[in-house]
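Have the sequence and the 3D view open as you read.

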Amino acid sequence: MALVKNQTCISHFILLGLFNHTPLHLLLFSTIMVMFLVALSGNGLMIFLINAHSRLHSPMYFFLSWLSLMDLMLISTIVPRMAIDYLLGHGSISFTGCGFQILFFLTLLGDECFLLAFMAYDRYVAISNPLRYSVIMSRRVCWLMVAGSWLFGLVDGLFQAIYTLSFPYCGSQEIDHFFCDIPAVLKLACADTSIYEALIYVCCILMLLLPFSVISVSYLLIFVTVLRVRSAEGRKKAFATCSSHMAVVSLFYGAAVITYMRPQTYHSSKQDKVVSAFYTMITPMLNPLIYSLRNKEVAGALKKLLGRCPCGGGQE
């Protein structure tokens, strides 16, 4: 990726990180590492279960496997680098490395925005038009939706990474964050970034509000459809199939909107770090737990897998 280096007077940034070297922060760092391992194992297990069990080869689980892959990649983009910086005692990152971190992070963030919208549409079709579900949500359509998610995310990531680092950076090198987040990086720019901040708002509308609108409309239509179901058991089952997805959407979009929809003047370094930690570390860890604990088919596939393991007592 060609970054505009001739406009900057510095060759690298210094990430100040999330923790200090105190006993309390060491405990918090250890907690983050446990969360990282839980996220890796949880999302990896979800991908394995969905691909290994034929009962999970439906559009809903197809999208869920991609969501798990995106979560796995997202947390791997941030946490290993943060851990190394903390253990080595310094957070130097090259100008180009910072650009690539912005690119990967925003690409994956955009991917999840659109994928969550497609997952909401999938639930709408499944509940509102079950007889034509397999036709509407064909394998080809599912692949096109996933490819579209990646394309939209990549375009957004490339645009913002290149534009962010096209500003001159000739003063402080210290980024008060644990990764190259755009609001934190822009504070170091030696130029007026107000026009670019307006462009970021436009990107946020496209990457956050438009998918969120699709999700909202989908669930509004689902709600109307469910109210027409005469059976109380049928209504309960319909709501159960959507509750996990609604929980994930609330966690992800809540943190992302707080970070990227506020004006630059309202950004606090401490607040940004906490919110960023939420959707880069906590949400990827919680997603597989939410789906596995509230989904009988996933839980059944997991029990079946454990029953086949020698450690599971050889139960069938």
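1. Let's begin with the overall make-up. This predicted model contains 10 helices and 3 strands. Followed along the sequence, these elements come in the pattern β-α-α-β-α-α-α-β-α-α-α-α-α.

2. Next, the sheet. The 3 strands make an open sheet with mixed pairing, in the order β2-β1-β3. Its edge strands are β2 (92-94) and β3 (174-175), each of which pairs on one side only. Strand β1 (residues 12-15) runs parallel to β3, and 2 bridges link the two. To find this pairing on screen, look for isoleucine 14, whose bridge partner in β3 is glutamate 174.

3. Now please turn to helix α3. This helix lies across β1, β2 and β3, at about 85 degrees to β2. The largest nonpolar core has 92 residues, and α3 (residues 95-128) supplies the largest share of this core, 19 residues.

4. Which residues have the most contacts inside that core? They are Phe13, Phe63, Leu116, Tyr169 and Ile175. In soluble globular proteins, nonpolar side chains tend to be buried together.

5. Finally, some totals for the whole protein. Of its 316 residues, 47% are buried. Among contacts with a separation of 6 or more, 80% join residues 24 or more positions apart. The accessible surface is about 15400 Å², and carbon and sulfur atoms account for 69% of that area.

Terms used
Residues numbered from 1 in each chain as written. Predicted model: local features only at pLDDT ≥ 70, side-chain atom pairs only at ≥ 80, totals over all residues. Heavy atoms only, no water. Core = buried A, V, L, I, M, F, W, Y, C linked by side-chain atoms within 4.5 Å. Buried < 20%, exposed > 50% of the residue type's maximum accessible area, 1.4 Å probe, protein only. Helix = DSSP H or I, 4+ residues; strand = E, 2+ residues; numbered from the N terminus. Contact = heavy atoms within 4.5 Å. Areas by Shrake-Rupley, 256 points an atom, 1.4 Å probe, with all protein chains shown as cover. Pairing = 2+ DSSP bridges. Axes fitted to C-alpha atoms, helices over the stretch in contact; angles between N-to-C directions.
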